[in-house]
Amino acid sequence: MYYVPDETRICGFYECSRCHERFLDVKTAPLIMCPYCEKEPDMEIGPDDPMPEITETAELIQILEGEDIERYDTLLSLAITGGNYDWI
């Protein structure tokens, strides 16, 4: 699959409130960091650097299970690949 590994039994369907991208993730937390608009904070800071701020902007829309995961993964990936089935 495109977003989550094969044989995933449960995953979260998320939408980012900042960039409005929708995606699947194996996490099912209410809020997570968006992989499209957020960068992982660099925790190796110097003594004069401010502590990096972690913002969780992707909100859980729905928890998916079973066959729904494959359906949503296919539909969301078609939007990105433009209908190109060569990656399948």
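A salt bridge here is a side-chain nitrogen of Lys or Arg within 4 Å of a carboxyl oxygen of Asp or Glu. The structure is a predicted model, in which local features need pLDDT of at least 70 and side-chain atom pairs count only at pLDDT 80 or more, while totals for chains, interfaces and linings use all residues. Residues are numbered from 1 along each chain as its sequence is written, and side-chain values use heavy atoms, leaving out hydrogens and water.

**View 1. Glutamate 15 and arginine 22 form a salt bridge.** The closest N and O atoms of this pair are 3.4 Å apart. Glutamate 15 has 25% relative accessibility and so counts as partly exposed (buried means under 20% relative accessible area, exposed over 50%, partly exposed in between, with a 1.4 Å probe and protein chains only). Arginine 22, at 40%, also counts as partly exposed.

**View 2. Glu67, Asp68 and Arg71 belong to one network of salt bridges that share partners.** Glutamate 67 and arginine 71 have their closest N and O atoms 3.2 Å apart; both lie in helix H1, four residues apart, about one turn of the helix. Helices (H or I, at least four residues) and strands (E, at least two) are DSSP runs, numbered from the N terminus. Arginine 71 also forms a salt bridge with aspartate 68, again with the closest N and O atoms 3.2 Å apart, and these two residues are three positions apart in H1. Glutamate 67 is exposed, at 59% relative accessible area, whereas aspartate 68 is partly exposed at 30% and arginine 71 is partly exposed at 48%.

**View 3. Four strands make an open sheet in the order S2-S1-S4-S3, with antiparallel pairing.** Strand S2 (22-25) and S3 are at the edges with a single partner strand each, so one side of each has no neighbour in the sheet. Strands count as paired if DSSP finds at least two bridges between them. S1 (residues 10-16) and S4 (residues 58-65) are joined by seven bridges; here glycine 12 stands opposite isoleucine 63, and phenylalanine 13 has glutamine 62 as its bridge partner. S3 (residues 31-32) joins S4 through two bridges, with isoleucine 32 partnered by alanine 58. Along the sequence, the pattern of the chain is β-β-β-β-α.

**View 4. The largest nonpolar core has 14 residues.** Such a core is a set of buried Ala, Val, Leu, Ile, Met, Phe, Trp, Tyr and Cys residues joined through side-chain atoms within 4.5 Å. Among those with the most contacts inside this core are Tyr3, Cys11, Phe23 and Leu64. S1, S2, S4 and H1 each supply at least two of its residues, and S1 gives the most, with four.

**View 5. Tyr2, Tyr36 and Ile80 form a nonpolar patch on the surface.** Together they have about 290 Å² of accessible area, from the Shrake-Rupley method with a 1.4 Å probe, where for residues only the protein chains shown count as cover. Patches are made of residues with over 30% relative accessible area and no salt bridge, with like charges joined within 9 Å and nonpolar side chains (Val, Leu, Ile, Met, Phe, Trp, Tyr) within 5 Å. Isoleucine 80 is found in helix H1 (residues 67-81) and is partly exposed, at 41%.
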